[in-house]
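Below are some notes for a colleague who has not seen this model before. Please read them alongside the structure.

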Amino acid sequence: MNGGTPRRVTELLVQWRKGDKEALQALLPLVYGELRRIARRRLQGERPHHTLQSTDLVHEAYLRLVKSPPQEVENRLHFLAIASQLMREILVDYGRKRRASKRGGGCKITLNEALASAPNNEMDVLILDEALTSLSKLDAQQARVVELRFFGGLSIEESSEVLGISPATVKRDWVTARAWLKREMEGAAHA
(Lines give C-alpha, C1' and ligand atoms only; values in the text may rest on other atoms or scores of the structure.)
Protein backbone atom coordinates (compact mmCIF):
# COMPACT_ATOMS: atom_id res chain seq x y z
CA MET A 1 0.00 0.00 0.00
CA ASN A 2 1.12 3.55 -0.65
CA GLY A 3 1.83 4.95 2.79
CA GLY A 4 -1.38 3.84 4.49
CA THR A 5 -1.80 1.15 7.06
CA PRO A 6 -4.54 -1.45 6.62
CA ARG A 7 -6.13 -0.09 9.81
CA ARG A 8 -6.27 3.46 8.39
CA VAL A 9 -7.80 2.18 5.14
CA THR A 10 -10.43 0.26 7.10
CA GLU A 11 -11.19 3.32 9.25
CA LEU A 12 -11.72 5.45 6.15
CA LEU A 13 -13.93 2.78 4.56
CA VAL A 14 -16.10 2.70 7.70
CA GLN A 15 -16.38 6.50 7.62
CA TRP A 16 -17.30 6.41 3.92
CA ARG A 17 -19.94 3.75 4.59
CA LYS A 18 -21.43 6.12 7.14
CA GLY A 19 -21.73 8.80 4.46
CA ASP A 20 -18.50 10.78 4.86
CA LYS A 21 -17.53 11.61 1.26
CA GLU A 22 -14.27 13.19 2.46
CA ALA A 23 -13.20 9.78 3.76
CA LEU A 24 -13.28 8.47 0.20
CA GLN A 25 -11.14 11.42 -0.87
CA ALA A 26 -8.65 10.67 1.93
CA LEU A 27 -8.67 6.97 0.97
CA LEU A 28 -7.69 7.51 -2.65
CA PRO A 29 -4.00 8.38 -2.06
CA LEU A 30 -3.65 5.31 0.18
CA VAL A 31 -4.87 2.87 -2.48
CA TYR A 32 -4.01 4.82 -5.64
CA GLY A 33 -1.00 2.68 -6.52
CA GLU A 34 -3.04 -0.50 -6.27
CA LEU A 35 -5.84 1.01 -8.35
CA ARG A 36 -3.31 2.01 -11.03
CA ARG A 37 -1.95 -1.56 -11.01
CA ILE A 38 -5.45 -2.93 -11.56
CA ALA A 39 -6.10 -0.38 -14.31
CA ARG A 40 -2.80 -1.16 -16.05
CA ARG A 41 -3.62 -4.85 -15.92
CA ARG A 42 -7.03 -4.20 -17.46
CA LEU A 43 -5.59 -2.02 -20.20
CA GLN A 44 -2.73 -4.39 -21.06
CA GLY A 45 -5.28 -6.64 -22.70
CA GLU A 46 -6.93 -3.87 -24.67
CA ARG A 47 -6.31 -3.21 -28.32
CA PRO A 48 -3.11 -1.34 -29.20
CA HIS A 49 -3.31 2.46 -29.10
CA HIS A 50 -6.27 2.46 -26.72
CA THR A 51 -7.24 6.04 -25.93
CA LEU A 52 -7.89 5.32 -22.26
CA GLN A 53 -4.87 5.38 -19.98
CA SER A 54 -4.63 3.74 -16.57
CA THR A 55 -4.89 7.11 -14.84
CA ASP A 56 -8.08 7.88 -16.79
CA LEU A 57 -9.56 4.54 -15.78
CA VAL A 58 -8.72 5.06 -12.09
CA HIS A 59 -10.14 8.58 -12.12
CA GLU A 60 -13.33 7.50 -13.89
CA ALA A 61 -13.82 4.71 -11.35
CA TYR A 62 -13.24 7.19 -8.53
CA LEU A 63 -15.78 9.62 -10.00
CA ARG A 64 -18.35 6.83 -10.18
CA LEU A 65 -17.66 5.97 -6.54
CA VAL A 66 -18.08 9.62 -5.50
CA LYS A 67 -21.38 9.91 -7.40
CA SER A 68 -22.81 6.69 -5.98
CA PRO A 69 -24.16 6.11 -2.49
CA PRO A 70 -21.58 4.68 -0.07
CA GLN A 71 -21.23 0.94 -0.44
CA GLU A 72 -20.94 -1.79 2.15
CA VAL A 73 -17.18 -2.22 1.89
CA GLU A 74 -15.61 -4.53 4.43
CA ASN A 75 -11.89 -4.01 3.86
CA ARG A 76 -9.19 -2.93 1.41
CA LEU A 77 -9.51 -6.05 -0.77
CA HIS A 78 -13.26 -5.67 -0.97
CA PHE A 79 -12.82 -2.02 -1.97
CA LEU A 80 -10.34 -3.00 -4.69
CA ALA A 81 -12.79 -5.62 -5.95
CA ILE A 82 -15.53 -2.98 -6.21
CA ALA A 83 -13.16 -0.60 -7.99
CA SER A 84 -12.16 -3.39 -10.36
CA GLN A 85 -15.79 -4.09 -11.15
CA LEU A 86 -16.31 -0.39 -11.89
CA MET A 87 -13.31 -0.46 -14.24
CA ARG A 88 -14.88 -3.39 -16.06
CA GLU A 89 -18.10 -1.42 -16.45
CA ILE A 90 -16.18 1.59 -17.73
CA LEU A 91 -14.36 -0.52 -20.34
CA VAL A 92 -17.65 -2.14 -21.41
CA ASP A 93 -19.31 1.28 -21.71
CA TYR A 94 -16.32 2.51 -23.69
CA GLY A 95 -16.54 -0.55 -25.95
CA ARG A 96 -20.23 0.02 -26.57
CA LYS A 97 -19.65 3.66 -27.50
CA ARG A 98 -16.77 2.73 -29.76
CA ARG A 99 -18.77 -0.02 -31.43
CA ALA A 100 -21.68 2.35 -31.97
CA SER A 101 -19.40 4.90 -33.58
CA LYS A 102 -17.44 2.42 -35.71
CA ARG A 103 -20.11 -0.21 -36.54
CA GLY A 104 -18.60 -3.37 -35.17
CA GLY A 105 -15.22 -2.01 -34.12
CA GLY A 106 -15.61 -3.00 -30.45
CA CYS A 107 -12.77 -3.01 -27.97
CA LYS A 108 -10.66 -6.13 -27.97
CA ILE A 109 -9.08 -7.55 -24.90
CA THR A 110 -6.52 -10.26 -24.53
CA LEU A 111 -7.70 -12.97 -22.23
CA ASN A 112 -4.16 -14.13 -21.62
CA GLU A 113 -4.36 -16.37 -18.61
CA ALA A 114 -8.14 -16.64 -18.62
CA LEU A 115 -8.60 -18.08 -22.10
CA ALA A 116 -5.10 -18.82 -23.28
CA SER A 117 -6.21 -21.28 -25.93
CA ALA A 118 -8.80 -18.99 -27.53
CA PRO A 119 -8.19 -18.15 -31.19
CA ASN A 120 -5.68 -15.29 -31.40
CA ASN A 121 -6.15 -14.73 -27.64
CA GLU A 122 -8.32 -11.71 -28.45
CA MET A 123 -11.98 -11.37 -27.65
CA ASP A 124 -14.39 -8.48 -27.78
CA VAL A 125 -14.92 -6.89 -24.35
CA LEU A 126 -18.65 -6.77 -25.08
CA ILE A 127 -18.76 -10.51 -25.78
CA LEU A 128 -16.89 -11.09 -22.51
CA ASP A 129 -19.35 -8.89 -20.65
CA GLU A 130 -22.33 -10.77 -22.12
CA ALA A 131 -20.72 -14.10 -21.25
CA LEU A 132 -19.98 -12.97 -17.69
CA THR A 133 -23.55 -11.74 -17.30
CA SER A 134 -24.81 -15.15 -18.44
CA LEU A 135 -22.38 -16.91 -16.11
CA SER A 136 -23.54 -14.80 -13.16
CA LYS A 137 -27.09 -16.02 -13.75
CA LEU A 138 -25.88 -19.63 -13.67
CA ASP A 139 -23.26 -19.30 -10.95
CA ALA A 140 -22.79 -15.88 -9.37
CA GLN A 141 -19.80 -17.04 -7.34
CA GLN A 142 -17.89 -18.19 -10.43
CA ALA A 143 -18.62 -14.86 -12.13
CA ARG A 144 -17.29 -12.98 -9.08
CA VAL A 145 -14.15 -15.14 -9.11
CA VAL A 146 -13.55 -14.14 -12.76
CA GLU A 147 -14.15 -10.47 -11.97
CA LEU A 148 -11.74 -10.55 -9.04
CA ARG A 149 -9.04 -12.64 -10.73
CA PHE A 150 -9.21 -11.31 -14.29
CA PHE A 151 -10.50 -7.77 -13.90
CA GLY A 152 -9.18 -7.11 -10.41
CA GLY A 153 -5.90 -8.93 -10.72
CA LEU A 154 -6.40 -10.44 -7.27
CA SER A 155 -4.59 -13.61 -6.34
CA ILE A 156 -6.34 -16.86 -5.42
CA GLU A 157 -5.79 -16.04 -1.74
CA GLU A 158 -7.02 -12.44 -2.04
CA SER A 159 -10.11 -13.58 -3.96
CA SER A 160 -10.72 -16.19 -1.28
CA GLU A 161 -10.61 -13.51 1.40
CA VAL A 162 -12.97 -11.16 -0.46
CA LEU A 163 -15.50 -13.91 -1.17
CA GLY A 164 -15.18 -15.65 2.18
CA ILE A 165 -14.53 -19.05 0.59
CA SER A 166 -11.55 -21.39 0.61
CA PRO A 167 -8.66 -20.95 -1.84
CA ALA A 168 -9.42 -24.46 -3.16
CA THR A 169 -12.97 -23.36 -4.03
CA VAL A 170 -11.62 -20.24 -5.77
CA LYS A 171 -9.23 -22.41 -7.82
CA ARG A 172 -12.02 -24.82 -8.76
CA ASP A 173 -14.40 -21.99 -9.69
CA TRP A 174 -11.64 -20.24 -11.67
CA VAL A 175 -10.92 -23.34 -13.76
CA THR A 176 -14.60 -24.10 -14.34
CA ALA A 177 -15.51 -20.50 -15.17
CA ARG A 178 -12.63 -20.13 -17.65
CA ALA A 179 -13.71 -23.26 -19.51
CA TRP A 180 -17.34 -22.12 -19.59
CA LEU A 181 -16.41 -18.59 -20.74
CA LYS A 182 -14.12 -19.94 -23.44
CA ARG A 183 -16.92 -22.04 -24.89
CA GLU A 184 -19.48 -19.22 -24.67
CA MET A 185 -17.20 -16.61 -26.15
CA GLU A 186 -16.03 -18.79 -29.01
CA GLY A 187 -19.68 -19.53 -29.84
CA ALA A 188 -20.56 -15.82 -29.74
CA ALA A 189 -17.55 -14.88 -31.86
CA HIS A 190 -18.59 -17.35 -34.56
CA ALA A 191 -22.27 -16.36 -34.47
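1. Trp16 is buried, at a relative accessible area of 0%; buried means under 20% relative accessible area, with a 1.4 Å probe and protein chains only. Phe79 is buried too, at 3%. The model is predicted, with local features needing pLDDT of at least 70, side-chain atom pairs counting only at pLDDT 80 or more, and totals for chains, interfaces and linings using all residues. Residues are numbered from 1 along each chain as its sequence is written, and side-chain values use heavy atoms, leaving out hydrogens and water.

2. A search of the whole structure gives 1 aromatic pair (ring centres within 6.5 Å, using the six-membered ring of Trp). The ring centres of Trp16 and Phe79 are 6.3 Å apart and their planes are at 85°, so the pair is edge-to-face (planes over 60 degrees apart). Trp16 is in helix α1 and Phe79 in helix α4, so the pair ties together parts 63 residues apart in sequence. Helices are DSSP runs (H or I) of at least four residues, numbered from the N terminus.

3. The largest nonpolar core has 29 residues, and Trp16, Leu27, Leu35, Phe79 and Met87 have the most contacts inside it. Such a core is a set of buried Ala, Val, Leu, Ile, Met, Phe, Trp, Tyr and Cys residues joined through side-chain atoms within 4.5 Å. Helices α1 (6-17), α2 (21-44), α3 (54-67) and α4 (76-102) each supply at least two of its residues. The largest share, 10 residues, comes from α2.

4. A second, separate core of 18 residues includes Leu128, Leu132, Val145 and Val170.

Technical notes
Buried < 20%, exposed > 50% of the residue type's maximum accessible area, 1.4 Å probe, protein only. Phe/Tyr/Trp six-rings, centres within 6.5 Å; stacked < 30°, edge-to-face > 60°.
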